[in-house]
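I wanted to write down each thing as I looked it up.

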Amino acid sequence: MERSLIGKVALVTGASRGMGKRIAEDLAQHGAKVVVNYANSPGKAEEVVAGIVQRGGEAIAIRADISQVAEVERLFRETLEAYGRVDILVNNAGIMITKPLSPDDRRRLRQAIRY
């Protein structure tokens with residue numbers, strides 16, 4: 001496989017599982033050094049890092065809740081300390097709220113879908 005991202009640094013938010021994990025692995029497979037960001041799953045993040053390293057890549061895990069400005073600033077600071085740059089940013093992190101929609105939520109959703 002072509003390693004076209006050699007020398008690049010990729011920061012992937014929400015990279016400890018799911019799509020973020022796969023994105024981090026693919027970036028590493030193409031030669032990027034990867035920062036695996038996570039909020040609540042240090043064990044899962046370290047598994048992603050270990051898998052990348054095992055396949056010859058380079059990666060580190062950094063915990064940061066990206067809904068908090070100070071933590072985002074720290075995430076970038078620690079990334080820059082480790083790798084000196086950020087070339088690729090994948091904003092993958094998200095939250096899922098599992099509760100019934102209120103009537104107002106339903107109204108806003110219907111309006112958003114119309115656009």
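Predicted model: local features only at pLDDT ≥ 70, side-chain atom pairs only at ≥ 80, totals over all residues.

I looked up the strand order and found four strands in an open sheet, ordered 3-2-1-4, with parallel pairing. Strand 3 (58-63) and strand 4 (88-90) stand at the edges, and each has a single partner strand, so one side of each has no neighbour in the sheet. From one strand to the next, the twist averages 15 degrees. I then checked strand 1 against strand 4 and noted that they pair in the parallel sense over three bridges, and that Val12 has Val90 of strand 4 as its bridge partner.

Entry two, the helices. Helix 1 packs on the sheet and touches strand 1, strand 2 and strand 4, while its direction makes about 175 degrees with that of strand 1. Helix 3 (residues 69-83) lies across strand 1, strand 2, strand 3 and strand 4, and runs at about 155 degrees to strand 3.

Which residues of the largest nonpolar core touch the most other members? Of its 16 residues, I listed Val12, Ala24, Leu27, Val34, Val36 and Ile52. Helix 2 gives the most to this core, with four residues. Apart from this core lies another, of seven residues, among them Leu11 and Ile62.

Leaving out residues up to four places away in sequence, Glu25 touches Ile52 and Arg55.

Methods: Residues numbered from 1 in each chain as written. Heavy atoms only, no water. Contact = heavy atoms within 4.5 Å. Core = buried A, V, L, I, M, F, W, Y, C linked by side-chain atoms within 4.5 Å. Buried < 20%, exposed > 50% of the residue type's maximum accessible area, 1.4 Å probe, protein only. Pairing = 2+ DSSP bridges. Axes fitted to C-alpha atoms, helices over the stretch in contact; angles between N-to-C directions.
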